[in-house]
Amino acid sequence: MEVDKSGRQPQQIFFLEAVKTASTADILFGSSFNFVTLDDPDDLSLALENPKGFLEVHQWPLIIDEVQKAPGLLNVIKMIVDEKIRKWMRNNEERQLMYVLTGSNQYELQQGISESLAGRTAVFEMSGLTQIEKCGLQGDAFDVDIDKLLRKENESKGFYKTKNEIFNLIFEGGYPNVVTGQKPREIYYKSYVDTYIEKDVRKLISATSEMQFRRFLSLIALRTAQELNYSNLSSDLGIDVDTCKRWISILETSGIIVLLEPYMSNISKRVIKTPKLYFMDTGLCAYLCKWPNAQMLQDCAMSGAFFETYIVSEIFKSYYNKAINPKGSLYYYRDIDKKEVDILLVKNNCLYPIEIKKNETPIKATKNFNVLDKYHQEIKTGLVICNCDRIRPVNEKAYIFPVYLVGV
């Protein structure tokens with residue numbers, strides 16, 4: 001947890017973002033915290049018209065859901081927290097957690113944090129459900145320690161998934177309302193896209209661009225697990241490159257996509273290279289690509305891209321769930337000879353190469369690992385993540401690793 005310039009620990013306010021927010025906050029803090037949601041029109045009206053009065057009615061410790069709908073609350077919260085901190089410091093009292101602020105619009109939340117609550121927050125990015133959470137397990141951040149992975153394999157033998165079952169999970173996605181069956185998949189994703197565009201990003205794009213933005217979403221979905229080419233995208237959409245970059249930034253900040261940067265030993269060169277784009281939710285991606293069912297998705301030409309997207313998103317989600325920023329640890333490699341390594345995990349100045357193959361018995365999966373020798377860094381034993389049933393060595397360079405164990 002970071003310390004702000006005054007030396008104070010920002011322990012007073014937590015933000016929990018994205019799709020699991022309200023239920024997660026309730027489970028974590030339970031009856032010890034009051035709860036209010038700004039989805040309630042009466043509470044929202046009070047928060048907008050009289051934020052100070054709202055916080056007098058709803059006393060801390062307090063969970064406020066959908067707080068981004070009333071940005072005026074943040075300045076008042078800042079004043080309340082600062083006053084309380086000064087009192088605790090004068091009296092040498094132990095500090096308490098005062099507010100848990102949750103919301104579904106990450107873009108607006110992050111803007112509010114930077115403008116009103118810098119140095120006073122701990123931010124947790126919440127994504128869709130992982131495959132491990134669907135099994136009722138807590139899970140852990142993805143690791144490459146083979147001894148640790150072998151121990152976890154022994155504890156998770158009952159969770160093996162066939163190829164058909166994995167693609168059912170890919171098609172389903174990780175949004176709780178779909179996973180729990182509360183809403184039909186097609187209806188939910190249509191509603192999600194409509195709401196996202198009409199409420200979350202409409203003010204960030206011009207009203208006349210809504211149809212273009214919808215098409216942009218679909219084109220991005222068709223390019224999941226590919227290198228991001230702004231020129232091609234802008235040409236296909238008939239928009240300028242700057243607009244394309246801005247829309248990509250909106251999707252990334254909103255948690256819809258992640259960008260995996262290429263690995264370069266020279267950091268100054270890394271920023272001018274092309275990142276790879278992945279959807280964070282494969283169910284949403286499949287919906288935007290208009291795949292009607294899991295079997296057709298499994299048999300289509302994009303099945304490998306969806307399988308890769310699923311693995312990358314599961315790894316990212318496993319990091320987020322442990323409040324770990326994957327940036328700085330996860331990269332990919334590709335050179336001008338088109339030799340590629342799907343994921344490079346950088347840990348303690350060592351490189352762990354990881355290949356992703358949808359087949360159960362991948363052939364020559366480690367053929368490009370030798371290209372990493374040019375970095376003069378220690379190359380550790382890597383992984384080939386595929387749809388096999390158990391961990392086993394493929395050669396001296398890597399182990400075959402089952403997809404169902406990612407994030408265990």
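1. A handy term to begin with: a residue is buried if its relative accessible area is under 20%, exposed if over 50%, and partly exposed in between, using a 1.4 Å probe and protein chains only. Tyr196 is buried, at 6%.

2. Please keep in mind that this is a predicted model, where local features need pLDDT of at least 70, side-chain atom pairs count only at pLDDT 80 or more, and totals for chains, interfaces and linings use all residues. Residues are numbered from 1 along each chain as its sequence is written, and side-chain values use heavy atoms, leaving out hydrogens and water.

3. Rings of Phe, Tyr and Trp (its six-membered ring) pair if their centres lie within 6.5 Å; planes under 30 degrees apart are stacked, over 60 edge-to-face, and the rest tilted. The count by this rule is 18 aromatic pairs. One of them is stacked: Tyr192 with Tyr196, at 6.4 Å centre to centre and 0° between the planes.

4. Both Tyr192 and Tyr196 belong to helix 10 (residues 185–201), four residues apart, or about one turn of the helix. Helices here are DSSP runs (H or I, at least four residues), as are strands (E, at least two), numbered from the N terminus.

5. Now look at Tyr263 and Tyr375: their ring centres are 5.1 Å apart with the planes at 80°, so this pair is edge-to-face. Tyr263 lies in the loop between strand 7 (257–260) and helix 14 (267–270), and Tyr375 in the loop between strand 11 (350–356) and strand 12 (378–379), so the pair ties together parts 112 residues apart in sequence. Both tyrosines, Tyr263 and Tyr375, are buried.

6. Ring pairs also build a cluster, with Tyr175, Tyr188, Phe213 and Trp247 among its members.
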